[in-house]
Amino acid sequence: MTGRRRPSPRLFPTASARTTARWAAGTAVMASLLTGCGSLPGTGSAQKAPITVMTWAPEGTGATNMPGMPAMAQTYARWTNATGGLAGHPLKVLTCNDHNDSVGATRCAQRAVDAGAVAVVGSYSQFGRSFMSPLEVEGVPYIGGYGASDEEFESPLSYPVNGGQASLLAGNGRQLARECDRVALVRPDTIQGDQMPSLLDSGLQQGHRSPANDIRAPEDGTDYSAEVHRALDAVGADPARYGTAAYGGRAPGSCVTASLGDHTDAFFDSFRRLQQQSPKVQVASVLGSVGQALVNRTGGRSGPLEGALVTGWYPAAGDPRWNPMRRVVNEYAFGDNRVDPADQGVQTTWIAYTVLRAMVEQLDADGVEEITPYALQKVLDRGKHPVDTGGLTPKLRWRAEDMLAVQDFPRIVNGMVMYQTVADGQVLAASDGFVNVAGTLERRRADM
């Protein structure tokens, strides 16, 4: 955030032991594929060296968990290997749990390096400073991370597929500015959470609204009653003036948006209990904190999220552009309930592996036989052809001229978001297409 220096990425692999380990792992994977499932489709598939990558995410922690991301990566690998591999290369996916701590993030990155992974793909971790350094030392690209850390939008070896927290919050601010005179933002009391108010405010200010009231909350809380009271008071939801929701009272222009990751459900559980004692207000959030599963758990059309305004990176889960992913999940997830096609982590992982496939196919077309970290880095930086994600994002590439001029987030190449809403208990599209918040983020630079 303040211009700290990073080690320059090493562009060429130098450790012969690493190369040996990669080929040894490749031999084991090939033997497993041939003895367990027969030859891969295609006459040349079995002749190419396997490609090893890693996907990590926190699981079973007290804060945000993303178990669907490594599960989706494994599903993608099963489908890929059953249909000829990546340009004929079998795909081996390693997974790792970073346990939502910096030590775990470092260990996952080092394990990827030691295993000869050519990339880390579609992963989630809040500890970018911990995981990027080991990857940079060995020149291992980080492709399509979730966008939970600053380093994903700073490191020259990071290739994000979305605009991260920055675009979601700026977009949510613009979405709220249409109807909100007063906004309270409930966010985690963490380093990452400290960035949220200015990002949301950039969208509100573009709509000529006042900055949001900043309501800090514990990242791993179980009861958010105090934060609910503070948020309602901050937006002027006064029962003496407007009555209570239990009797139809509503505070016009008062809005509360919450972004607490996995604990957003605990906030809205507290909100549901306390809202009846105050006038009704407009609620909002961002996808990743709110999704269809949470809407269902909190009562659907009769729950506190009915009518909520939601900002996401991608089309709504029911959009036909997700049909290819859904078919793969139906056929190759083998009933793994961690793989929820409506989850933004699962969706991001699908898109990240779509990028990996496009890069390997481009290298194959260029006659490159050995897929190495440097080869991937070179083809990603060169951007010979933009990556078509089937309309799930704009076409993607990471040349210098593709980067947006966003302070603190120089690696953002995709400034698009999608507005959604909860209607009749379903998360549905609220806009016809993508909304470009790149200008909002760039103007934030001039204001700071």
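This is a predicted model: local features need pLDDT of at least 70, side-chain atom pairs count only at pLDDT 80 or more; totals for chains, interfaces and linings use all residues.
## The disulfide of Cys-96 and Cys-108

The sulfur atoms of Cys-96 and Cys-108 lie 2.1 Å apart and form a disulfide. Cys-96 belongs to strand E2 while Cys-108 belongs to helix H3, which covers residues 102–114, so the bond ties together parts that are twelve residues apart in sequence. Both of these cysteines are buried.

## The disulfide of Cys-180 and Cys-255

A search of the whole structure finds two disulfides, and Cys-180 is joined to Cys-255 with an S to S distance of 2.0 Å. The torsion about this S-S bond is about -90°, so the disulfide of Cys-180 and Cys-255 is left-handed. The pair links distant parts of the chain, 75 residues apart, with Cys-180 in the loop between H5 and strand E6 (182–188) and Cys-255 in strand E8 (residues 250–258). Cys-180 counts as buried at 0% relative accessibility, and Cys-255 is buried with a relative accessible area of 1%.

## The sheet around strand E2

Five strands make up an open sheet in the order E2-E1-E3-E4-E5, with parallel pairing. Strands E2 (91–96) and E5 (158–159) stand at the edges with a single partner strand each, so one side of each has no neighbour in the sheet. Helix H2 (residues 68–82) packs on the sheet, where it touches E1 and E2, and its direction makes about 170° with that of E2.

Strand E1 (residues 51–56) pairs with E2 in the parallel sense over six bridges, and Trp-56 stands opposite Cys-96 in E2.

## Helix H5

Helix H5 (residues 164–177) has 14 residues and reaches 20 Å from its first C-alpha to its last. Of those 14 residues, 13 are buried, so H5 is largely enclosed by the rest of the structure.

How values were computed:
Residues are numbered from 1 along each chain as its sequence is written. Side-chain values use heavy atoms; hydrogens and water are left out. Two strands pair if DSSP finds at least two bridges between them. Helices (H or I, at least four residues) and strands (E, at least two) are DSSP runs, numbered from the N terminus. Contact means heavy atoms within 4.5 Å. Axes are lines fitted to C-alpha atoms, for helices over the stretch in contact, and angles run from 0 to 180 degrees between N-to-C directions. The expected span of a helix is 1.5 Å times one less than its number of residues. Buried means under 20% relative accessible area, exposed over 50%, partly exposed in between (1.4 Å probe, protein chains only). A disulfide is a pair of cysteine sulfur atoms within 2.5 Å.
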